[in-house]
Amino acid sequence: MRSDAEKILLTEEEITAKVLQLGQTISTDYANKELLMVGILKGAMIFMADLVRSVNIPVEFDFMAVSSYGSANKSSGVVRILKDLEQSIEGRHVLLVEDIVDTGLTLKYLLENLQTREPASLRTCTLLDKPERRQAEVTVNYNGFTIPDEFVVGYGLDYNEKYRNLKDILVLRPEIYQKQGEE
Ligand code: IMP
C-alpha cells in the first residue's frame, strides 16, 4: 500500500500532536456547555475517535453518512444523506467533524441542513483543509492542517474505499487514480 504513495504528507506523530491540540482548544471553548460532536462517515471516523478522546469535557457524539454524487475523487455538490442523526439537535451545541474540506460543497450542504434543525450553536472542525479548491464559502472554526491541492489518503481518508487504515497521511501517486478512473 505504501508503494502507492508519492510521499508522506503528515506523519502519525504530527497528526497525534495536532489532534491533542484541537481537543484542548475545543475543551476550553466548550467548557460549561453540553457538546454534541457529529462525525461524518466514513472519512472522519478515525479522526473523530481520536478527537473525542482528546477532549476533556463531557461530550456526546453521533454520526451522519453522506454520499456525494460524482466520481471517486471529485465532489459534485449534490449530497444525499445515507444515515441521519439519531437525535434532535434543537438547542444543542453541535460541532460537525469532517476529515477534509475540499470544494466545501459537502460542508455547505450539511451546515444548511443542520441549521434548519435549530441548534443552539453550530461549528465545524476539520482535520485537513484544501483552500485552493474551494467552490463554496464555508466557515471552518477548527482546522488541523492546511494542505496543498493534492489527493491524500490515510487516517480515515480513502481512494475507492482503500487506504483508510494507514496511520500516516500520504499523497497518492496520480497514476493510481488516473489509471483506475479510466477503467
Ligand atoms: P468537498 O465537498 O469537495 O469539500 O469534499 C468533501 C469530501 O470529499 C471529503 O469528506 C472526502 O470524503 C472527499 N475528499 C476530498 N478531498 C479528498 C482527498 O484528498 N482524499 C480523500 N478524500 C477526499
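Start by selecting Thr-126, which sits in strand β6, residues 121–129. Helices (H or I, at least four residues) and strands (E, at least two) are DSSP runs numbered from the N terminus. You are looking at a predicted model, in which local features need pLDDT of at least 70 and side-chain atom pairs count only at pLDDT 80 or more, while totals for chains, interfaces and linings use all residues. Residues are numbered from 1 along each chain as its sequence is written, and side-chain values use heavy atoms, with hydrogens and water left out.

Is Thr-126 buried or exposed? Thr-126 counts as buried because its relative accessibility is 1%. Here, buried means under 20% relative accessible area, exposed over 50%, and partly exposed in between (1.4 Å probe, protein chains only).

**Next stop: the ligand**

Select the ligand and the 16 residues around it, of which Asp-99, Asp-102, Thr-103, Thr-106 and Val-152 come nearest. A residue is near a molecule if one of its heavy atoms lies within 4 Å of it.

Zoom in on Asp-99, where a polar side-chain atom lies 2.8 Å from an oxygen atom of the ligand. Then try the backbone: an N or O atom of Asp-102 lies 2.8 Å from a ligand oxygen atom, and a backbone N or O atom of Gly-104 also lies 2.8 Å from an oxygen atom of the ligand. A polar contact is a pair of N or O atoms within 3.5 Å. Taken alone, the ligand exposes 490 Å², and the protein buries 85% of that (Shrake-Rupley method, 1.4 Å probe).

Which elements give two or more residues to the shell around the ligand? They are β5 (93–101) and α3 (105–115), and β5 provides the largest share, 4 residues.

**Last stop: the second largest pocket**

Select Glu-12, Ile-15, Thr-16, Asp-50 and Tyr-155, which lie nearest the centre of the second largest pocket among its 14 lining residues. Colour α1 (12–29) and α2 (45–54), the elements that give two or more residues to this lining; α1 gives the most, with 5 residues.

Key
A polar contact is a pair of N or O atoms within 3.5 Å; within protein, one must be able to donate a hydrogen and the other to accept it, and residues adjacent in sequence count only if both atoms are side-chain atoms. On a 1 Å grid over the protein atoms alone, a cavity is a set of points where a 1.4 Å probe fits but cannot get out, and a pocket is an open set with protein on both sides within 12 Å along at least five of seven lines; lining residues have an atom within 4 Å of a point.
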